[in-house]
Amino acid sequence: ALAEMILAAPPEDAIGLDIRLEGMGADPRVALFGEQPAIVFEVSPERAPRLFQAARERGLKAWPLGTVIDSSRLRVRTAAGESMAWTAAELREAAGATLARLWNEELE
């Protein structure tokens, strides 16, 4: 879902995400690629506490995930201090390569 947010933006828009996984309480690979349903909200830092409180009142888990940045990049930081980053172009290439590979496979 995070990469899709960057890919959904027009290529000329410099929008990216700086994500911190330490608050998610899961292995970084599970946090990034798990299939658990979730919603990502973009709110100003001033409004975030109100959103978290409203979620708790409704029995939902909510925590800060990161920030929107003015760079066409997805940057992920783990609790162990590791950092990974991909540009929007790299994300588009990876998504396109996978689909092209599937489309060109011969079915038996």
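Ser72 touches Asp13, Ala14, Ile15, Trp86, Thr87 and Ala88, leaving aside residues up to four places away in sequence; contact here means heavy atoms within 4.5 Å. Ser72 sits in the loop between β2 (66-69) and β3 (73-77). The model is predicted: local features need pLDDT of at least 70, side-chain atom pairs count only at pLDDT 80 or more, and totals for chains, interfaces and linings use all residues. Residues are numbered from 1 along each chain as its sequence is written, and side-chain values use heavy atoms, with hydrogens and water left out.

**Ser72 and its surroundings**

- Ser72 is partly exposed, at a relative accessible area of 26%. The classes are buried (under 20% relative accessible area), exposed (over 50%) and partly exposed in between, with a 1.4 Å probe and protein chains only.
- Trp86, one of the residues that Ser72 touches, is 14 residues away from Ser72 in sequence. Their C-alpha atoms are 8.7 Å apart.

**Overall fold**

- The chain has 4 helices and 4 strands. Helices (H or I, at least four residues) and strands (E, at least two) are DSSP runs, numbered from the N terminus.
- Along the sequence the pattern reads α-β-α-α-β-β-β-α.
- Of the 108 residues in the chain, 17% are buried.
- Among contacts in the chain with a separation of 6 or more, 64% come from residues 24 or more positions apart.
- The chain has an accessible surface of about 8,400 Å². Carbon and sulfur atoms hold 55% of that surface. Areas come from the Shrake-Rupley method with a 1.4 Å probe; for residues, only the protein chains shown count as cover.

**Salt bridges**

- The whole structure holds 3 salt bridges. The criterion is a side-chain nitrogen of Lys or Arg within 4 Å of a carboxyl oxygen of Asp or Glu.
- Asp18 and Arg75 pair through their side chains, N to O at 3.2 Å. Asp18 is in strand β1 (residues 16-20) and Arg75 in strand β3, so this bridge ties together parts 57 residues apart in sequence.
- Asp18 is buried, at 8% relative accessibility. Arg75 is partly exposed, at 25%.
- Arg77 also meets Asp18 in a salt bridge, N to O at 3.2 Å. Arg77 belongs to strand β3 and Asp18 to strand β1, so the pair links parts 59 residues apart in sequence.
- Arg77 is partly exposed, with a relative accessible area of 34%. Shared partners join Asp18, Arg75 and Arg77 into one salt-bridge network.
- Glu57 bridges to Arg58, with the closest N and O atoms 3.9 Å apart. Both Glu57 and Arg58 are exposed.

**Nonpolar surface patch**

- Ile39, Phe41 and Val43 form a nonpolar patch on the surface. Together they have about 320 Å² of accessible area.
- Patches are made of residues with over 30% relative accessible area and no salt bridge; like charges are joined within 9 Å, and nonpolar side chains (Val, Leu, Ile, Met, Phe, Trp, Tyr) within 5 Å.
- Ile39 lies in the loop between α2 (28-33) and α3 (48-57). Ile39 is exposed, at a relative accessible area of 66%.
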